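Let us walk through this structure step by step. Keep the sequence at hand as you read.

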Amino acid sequence: MASRGGFSNRLGFIAAAAGSAVGLGNIWKFPYEVGENGGAAFLVIYLACAFLICLPIMLAETAIGRNTRLNPFGAFNKIGNRRWGLVGLLGVLSGIMILSFYNVVAGWAFGYFIQIGFGGLLSEGVNYGDYFGGFVSDITDNLLYSIGFMILTALIVAGGVQKGIERWTKILMPLLVVMIVGLISYGLTLDGAMDGLSFYLVPDFSEITANTFYTALAQAFFSLSLGMGALITYGSYVGKDDSIVGAAALITVADISIAFLAGLMIFPLVFSQPSIEANAGPGLVFVALPGIFETMGGIGPFIGASFFLLLCFAALTSTVSLLEVPVAFVTDQFKTNRKKTVYFVATFIFFVGLPTMLSQGASDFFTNFVYYGGEDKDFFTLIENVFSDLALPLGGFFIAIFAGWSWKNKGFQKELYFGNAALEGTFLEKMILFMVRFVSPFVVGAIFIISVLQIFFNISLF
């Protein structure tokens with residue numbers, strides 16, 4: 001452990017893992033999922049899914065990592081076999097490919113921060129839909145923004161587990177919360193804010209459908225960074241004296257809390273402008289919100305720049321964990337120098353992300369890359385569908401199966417007892433095992449199957 005490094009204490013692990021979970025999805029995807037799926041009714045189901053279905057898989061990942069002190073591939077090879085090692089390899093590959101497009105989107109957020117704060121983007125008469133289309137297709141600016149973001153990510157990861165990842169997540173996470181709370185405070189002073197809160201916080205259970213459950217579970221699963229080995233990697237840096245059960249619960253609470261606060265921030269802003277729909281979808285952040293910031297007058301650029309800086313912080317805590325997964329794989333398996341590995345892997349992933357950058361209009365080849373699901377898809381969409389929408393639930397399914405059924409000598413249970421000996425024989429232990437063995441793999445496996453049918457064959461079961 002000394003050669004690999006480790007978190008200084010339980011708080012360091014919680015901050016880093018919560019930072020991994022908290023990302024762009026919490027700030028922009030969660031609010032529009034709420035808007036599209038009935039408001040507060042979706043929120044209630046999301047909370048239940050996060051704790052009952054996703055938390056047990058989080059425990060399984062963390063336990064595998066702490067037991068082996070290895071990356072996902074090495075971990076499954078050590079306590080499983082070579083076939084199980086393929087599950088770990090899938091996680092490493094997923095981390096690489098997700099970071100390749102995540103860094104591009106983070107670059108967009110960074111670019112909007114620059115343009116709103118210092119470039120005068122919020123000018124009267126700007127068509128923000130057209131502007132966004134032109135912005136994402138401008139390869140020159142996007143190269144600069146994405147390079148800058150990847151360099152910042154690499155510098156943090158190169159600092160090591162304690163002095164890099166742990167230290168910076170302990171700084172970025174509180175800053176993130178402070179900025180969200182500040183924007184909430186401002187939003188609540190706007191006309192229509194109470195209507196936004198009512199939409200968000202008062203449940204209408206008549207809006208619940210089977211699709212609401214599917215969407216809530218999928219959002220909870222992806223939000224918590226499950227299935228790709230990030231928590232196996234971070235778990236490998238956790239000491240045996242720390243309770244991973246309590247830590248996993250706090251990480252889940254932190255992730256849910258940020259997503260909840262994001263809704264409190266977004267909906268008062270949206271409802272302050274009657275022309276903006278609460279279910280505006282992904283365009284809400286890059287198209288609808290700049291228009292709202294413009295109407296705020298002199299304070300608009302400050303509020304807008306603050307919002308996109310907040311997005312950058314959220315993205316950075318996630319890109320750090322995404323980069324750490326392949327870095328740990330290379331350093332563990334090939335015994336390489338950590339800093340050199342970080343810069344090599346970061347450079348490699350940046351180049352892997354170039355087709356994603358080109359697929360937003362800069363290159364017709366990558367913009368109309370492949371046909372499935374009844375329409376042409378760009379390269380970005382293909383990579384997101386394969387490695388985020390499908391590979392993550394598939395990885396989560398196999399992780400649950402391994403921890404619940406294939407890990408010999410009750411390895412999963414024994415790992416739960418470290419730092420929490422009182423857990424043995426309790427109802428909580430029995431519930432965790434039941435969920436890991438039966439409920440979580442069944443439900444996450446269903447997500448995978450439903451996603452395949454919807455994405456590639458345009459077959460909707462709801």
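This is a predicted model: local features need pLDDT of at least 70, side-chain atom pairs count only at pLDDT 80 or more; totals for chains, interfaces and linings use all residues.

**From the core to the pocket**

Leu323 belongs to the largest nonpolar core, which has 163 residues. Leu323 is among those with the most contacts inside this core, along with Ile27, Phe307, Phe308 and Phe412. Helix H14 gives the core its largest share, 19 residues.

Now turn to Thr233. This residue sits in helix H11, which covers residues 230–235. Is Thr233 buried or exposed? Thr233 counts as buried, because its relative accessibility is 0% and buried means under 20%. Leaving aside neighbours within four places in sequence, Thr233 is in contact with Pro72, Glu324, Val325 and Ala328.

Next comes the open space. The largest pocket holds about 1400 Å³. It is lined by 48 residues, and the closest to its centre are Trp28, Lys29, Tyr32, Glu384 and Asp389. Which helix supplies the largest share of the lining? That is H2, with eight residues. Other helices that each supply at least two lining residues include H1 (10–21), H5 (82–118), H10 (210–223) and H13 (283–295). H14 (300–334), H18 (379–406) and H20 (427–457) also each supply at least two.

What is the make-up of the lining? The lining residues divide into 22 nonpolar, 19 polar and seven charged.

Conventions
Residues are numbered from 1 along each chain as its sequence is written. Side-chain values use heavy atoms; hydrogens and water are left out. On a 1 Å grid over the protein atoms alone, a cavity is a set of points where a 1.4 Å probe fits but cannot get out, and a pocket is an open set with protein on both sides within 12 Å along at least five of seven lines; lining residues have an atom within 4 Å of a point. Grid points are joined across faces, edges and corners, and a volume is the space filled by probe spheres set on the points. Helices (H or I, at least four residues) and strands (E, at least two) are DSSP runs, numbered from the N terminus. Ala, Val, Leu, Ile, Met, Phe, Trp, Tyr, Cys and Pro count as nonpolar, Asp, Glu, Lys and Arg as charged, and the others, Gly among them, as polar. A nonpolar core is a set of buried Ala, Val, Leu, Ile, Met, Phe, Trp, Tyr and Cys residues joined through side-chain atoms within 4.5 Å. Buried means under 20% relative accessible area, exposed over 50%, partly exposed in between (1.4 Å probe, protein chains only). Contact means heavy atoms within 4.5 Å.
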